[in-house]
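I opened a new notebook page for this structure.

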Amino acid sequence: MIWIVASVLLAVSSPHIDPRAIALLERMSGTLSRAVSIVVTAHIEREHIDANGQILNSYVTTMAAMRRPNMLYTATVGDGRPYATWYDGSLLTVYIPARKTFDQLFYAGDDDVVLRKISRLRMGYSPMTPFLNSDPYASLRHEIRGARVIADVYAGDVLCRQIAFTGPHMDWQIWITLDDEPLPARMAVVFKRRPGNPRLVVEFQRWDLDLLLDQSTFYFKRPPHARRASFARWN
């Protein structure tokens, strides 16, 4: 699938911006911005170019739960090293189950600030970050130099509008549901400035908005035998 979406992405070169594409992206952003809480699960497929120039693929599934303005939980499993994060409004924790190690940092800020901090850990969480920000459109618009509507198509069994964008660093597509409260169903990216133009696809498997999330969701409960270890990627 990743090759199919890439072929469409690479074909998009016009700087023209279709206002219909921007309008739907803004409506999707509004749906997410208005939510008091968000729970989302996504499957992420990445390409990596190794030292020999070979394309390697990795696959993870990430779940995120957030309660605005300043509570967040994420868990990522799949290729690589599974990890989980908690933020309870003041304490940010990263836990790596395979090593039974965790690290913590007192960190003041809202969810946008904490999302940027987690992204800087470079642990594969970044593709979902724009959609969890308080204003997803503001997070995405810096990568819009061209925009056009491709077609109304199905992403899985959900009817969506497929939109293609060009940007200074990446060409990307998004499939947005055609509901009264539109949501992202899929995103595909080609990184134009990285060697080999690696690709990434995010399949959003489920969105739940405005659930009553228990406060305990956002507090780290130290497992037996877990030990604290300093993670070099905090800063």
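I began with Trp-86 and found its bridge partner in β5, Thr-93. Strands and helices here are DSSP runs numbered from the N terminus (strands E, at least two residues; helices H or I, at least four). Residues are numbered from 1 along each chain as its sequence is written. The model is predicted, so local features need pLDDT of at least 70, side-chain atom pairs count only at pLDDT 80 or more, and totals for chains, interfaces and linings use all residues.

**Sheet.** I looked up β4 (residues 83-87) and β5 (residues 91-96): they run antiparallel, joined by four bridges. Two strands pair if DSSP finds at least two bridges between them. I then traced the open sheet of 12 strands, with mixed pairing, in the order β7-β8-β9-β10-β11-β1-β2-β3-β4-β5-β6-β12. At its edges I noted β7 (146-155) and β12 (227-228), each pairing on one side only.

**Helices.** Helix α3 (residues 111-119) packs on this sheet and touches β2 (55-67), β3, β4, β5 and β6 (101-106). Contact means heavy atoms within 4.5 Å. I checked α2 (residues 19-34) next: at 1.5 Å a residue its 16 residues should span 22 Å, and its end C-alpha atoms are 22 Å apart, which agrees. The expected span is 1.5 Å times one less than the number of residues.

**One side chain.** Thr-74 is in strand β3 (residues 71-78). Is Thr-74 buried or exposed? I found it buried, with a relative accessible area of 0%; buried means under 20%, exposed over 50%, partly exposed in between (1.4 Å probe, protein chains only).

Note on methods:
Heavy atoms only, no water. Axes fitted to C-alpha atoms, helices over the stretch in contact; angles between N-to-C directions.
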